[in-house]
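Dear colleague,

Please find below the structure that I am handing over to you. My notes on what was found in it follow directly after.

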Amino acid sequence: MTFYFPTQSLSAFPPRLSPGYKSTPKRCPTKPLILMKHTLSELTGPVYGQDAVQPGDEDLTRQHAGEPLGERIIVHGRVLDEDGRPVPNALVEIWQANACGRYIHVVDQHPAPLDPNFTGAGRCKTDENGHYKFITVKPGAYPWGNHPNAWRPAHIHFSMFGHSFVSRLVTQMYFPGDPLFPFDPIFNSVTDEAARNRMISVFDLENTVPEWALAYRFDIVLRGRNQTPMES
């Protein structure tokens, strides 16, 4: 499986240099990119393998002896191509902050508590209909020092792999109605409003489990004019 990026979908990509996002000057290339032709080994491997994804990898609330703190949620959806066809057997990975808005990472020194029962990472494969499903907790907002009183909206990072590691796409999923949207330069680096809204999940009452967990649906379109914005 290879992910392609036709010209009409490029408007869904945020620019590498976004002045409001202050760390992009450190990352943005200053010279023209050199395209390196992929070899057969890069396009065909390493393969993640059917046995690499284990049952339970998709449930971030059951990876430790106790349950994590926070609001349990179900996040699900489909991975689709530009014609709405399902993409089966894609590897979907997520990572996120805990309910207090903190990652388990040495760089994250946000003065919010770590949760010993929450690592914040999971993975699964899409089924024959392109469907994926995770059980997790709703992440909290967190400060990030980009500008005065800067807070990131609650979000979950998504990574989609084809059968080779060079076939990878990364995006972020946000939650509906977040008051921090107008103030977040990462979210607003996608200048096309319709494309930007495709990063926002939809509250899904039908798949909410009564007295247990709310559900959010987030469909991911890999390419085409309705493509989900991806990090370049």
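**Salt bridges**

Arg223 forms a salt bridge with Glu82, and their closest N and O atoms are 2.6 Å apart; a salt bridge here is a side-chain nitrogen of Lys or Arg within 4 Å of a carboxyl oxygen of Asp or Glu. Arg223 lies in the segment after strand E11 (220-221) and Glu82 in the loop between E1 and E2, so the pair ties together parts that are 141 residues apart in sequence. Arg223 counts as buried at 15% relative accessibility, whereas Glu82 is partly exposed, with a relative accessible area of 38%. Buried stands for under 20% relative accessible area, exposed for over 50%, and partly exposed for what lies in between (1.4 Å probe, protein chains only).

Please note that this is a predicted model, in which local features need pLDDT of at least 70 and side-chain atom pairs count only at pLDDT 80 or more, while totals for chains, interfaces and linings use all residues. Residues are numbered from 1 along each chain as its sequence is written, and side-chain values use heavy atoms, with hydrogens and water left out.

The count of salt bridges comes to eight. One of them joins the side chains of Asp184 and Arg152 (2.8 Å, N to O). Asp184 is in the loop between E8 and helix H3 (193-197) and Arg152 in strand E6 (residues 151-152), so this pair ties together parts that are 32 residues apart in sequence. Both Asp184 and Arg152 are buried. Asp219 and Arg217 also meet through their side chains in a salt bridge (3.2 Å, N to O); Asp219 is partly exposed at 31% relative accessible area, and Arg217 is partly exposed at 28%.

**Overall architecture**

The protein has three helices and eleven strands, where helices (H or I, at least four residues) and strands (E, at least two) are DSSP runs, numbered from the N terminus. Their order from the N terminus is α-α-β-β-β-β-β-β-β-β-α-β-β-β. Of the 232 residues in the protein, 46% are buried.

**Nonpolar cores**

A nonpolar core is a set of buried Ala, Val, Leu, Ile, Met, Phe, Trp, Tyr and Cys residues joined through side-chain atoms within 4.5 Å. The largest has 25 residues, of which Val92, Tyr132, Phe134, Phe158 and Ile220 touch the most other members. Two or more residues each come from strands E1 (72-80), E2 (91-95), E4 (131-137), E7 (155-161) and E8 (168-174). A second, separate core has nine residues, including Tyr21, Tyr174, Ile186 and Val190.

Beyond its neighbours within four places in sequence, Ile220 is in contact (heavy atoms within 4.5 Å) with Arg78, Val79, Leu80, Tyr132, Phe158, Met160, Thr228 and Met230.

**Cysteines and surface**

Zero disulfides were found in a search of the whole structure, a disulfide being a pair of cysteine sulfur atoms within 2.5 Å. Cys28 is buried, with a relative accessible area of 19%, and Cys100 is partly exposed, at 37%.

The protein exposes about 12700 Å², of which carbon and sulfur atoms supply 58%; accessible areas come from the Shrake-Rupley method with a 1.4 Å probe, and for residues only the protein chains shown count as cover. Leu205 is exposed, with a relative accessible area of 62%, and is found in the loop between strand E9 (202-203) and strand E10 (214-217).

With kind regards
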